[in-house]
Amino acid sequence: MAIVRIPDENRVLNDRAQVAEYLAGIGIEYERWVPAHEVNADATPEEILAAYGAEVERLKRRGGYATADVIDVDPETPNLETMLAKFNREHWHDEDEVRFIIQGRGIFHVHPELGSLTAIEVEAGDLIRVPRGTWHWFDLCGERRIRAIRLFQETAGWTPHYTESGVDRNYEPVCLGPSYLPSSTAPRPTVVPRS
Ligand SMILES: [Fe+2]
């Protein structure tokens with residue numbers, strides 16, 4: 001079950017209905033897929049996509065997604081830091097970012113046009129859709145493990161466009177450990193106009 005934190009308002013939401021309602025209010029779609037299908041820890045991407053075939057097809061029809069794949073990273077993944085560094089700075093994409101978490105955890109920070117900056121810690125069973133154009137960034141949690149189904153309208157559209165606002169530096173990923181120090185007085189720079 002996702003945990004939503006709104007650091008500038010000192011709020012934490014962990015009730016399923018509250019989380020879904022709050023996230024819908026800032027344009028983020030959230031679902032819990034329960035019960036999740038059983039997949040082995042060493043299941044191949046093909047086996048995972050087959051297990052979740054019905055759900056993936058439903059999402060494809062609903063969101064116009066053409067392809068799905070499985071991202072699978074752990075501390076042993078080659079070039080993990082380089083990979084993570086692409087996505088832990090505030091950015092947006094020209095298409096939706098859709099993730100269904102199979103294993104592990106991660107934290108999306110979403111910087112809505114209206115409303116407070118929101119951290120969404122996701123775990124197995126969570127489906128999140130960050131619509132195209134939404135300013136956001138992503139970090140792994142302390143165990144540096146995530147396996148997730150991704151859906152794409154077209155993979156070329158998923159290139160990150162960086163805002164270079166620097167706001168990401170004001171919000172440590174709280175699931176990394178106890179080093180989180182919210183900076184509620186930090187200004188909110190808007191150096192890149194939203195399209
Ligand atoms: Fe992204």
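Predicted model: local features only at pLDDT ≥ 70, side-chain atom pairs only at ≥ 80, totals over all residues.
1. Residues are numbered from 1 along each chain as its sequence is written. Local features need pLDDT of at least 70 and side-chain atom pairs count only at pLDDT 80 or more, while totals for chains, interfaces and linings use all residues, and side-chain values use heavy atoms, with hydrogens and water left out.

2. Five strands form an open sheet in the order S3-S9-S6-S11-S4, with antiparallel pairing; helices (H or I, at least four residues) and strands (E, at least two) are DSSP runs, numbered from the N terminus, and two strands pair if DSSP finds at least two bridges between them. Strand S3 (29-32) and S4 stand at the edges with a single partner strand each, so one side of each is left without a neighbour in the sheet.

3. Strand S11 deserves a separate look. S4 and S11 pair in the antiparallel sense over seven bridges, with Asp69 opposite Arg150 in S11, whereas strand S6 (residues 97-104) and S11 pair, also in the antiparallel sense, over six bridges, and here Ile101 stands opposite Ala148 in S11. Seven of the seven residues of S11 are buried: Ile146, Ala148, Arg150 and Phe152 point one way, Arg147, Ile149 and Leu151 the other way. In a regular strand the side chains alternate between the two faces of the sheet.

4. The buried residues of helix H3 (residues 53-63) are Glu55, Val56 and Leu59. They cover an arc of only 100° around the axis (taken from the directions from the helix axis to the C-beta atoms), which puts them on the same side of H3, while Ala54 and Arg61, on the other side of H3, are exposed. The buried residues of H3 pack against helix H2 (45-51), strand S4 (67-73), strand S9 (126-130) and strand S11 (146-152), contact meaning heavy atoms within 4.5 Å. After H3 comes Gly64, whose phi is positive, near 70°.

How values were computed: Buried < 20%, exposed > 50% of the residue type's maximum accessible area, 1.4 Å probe, protein only.
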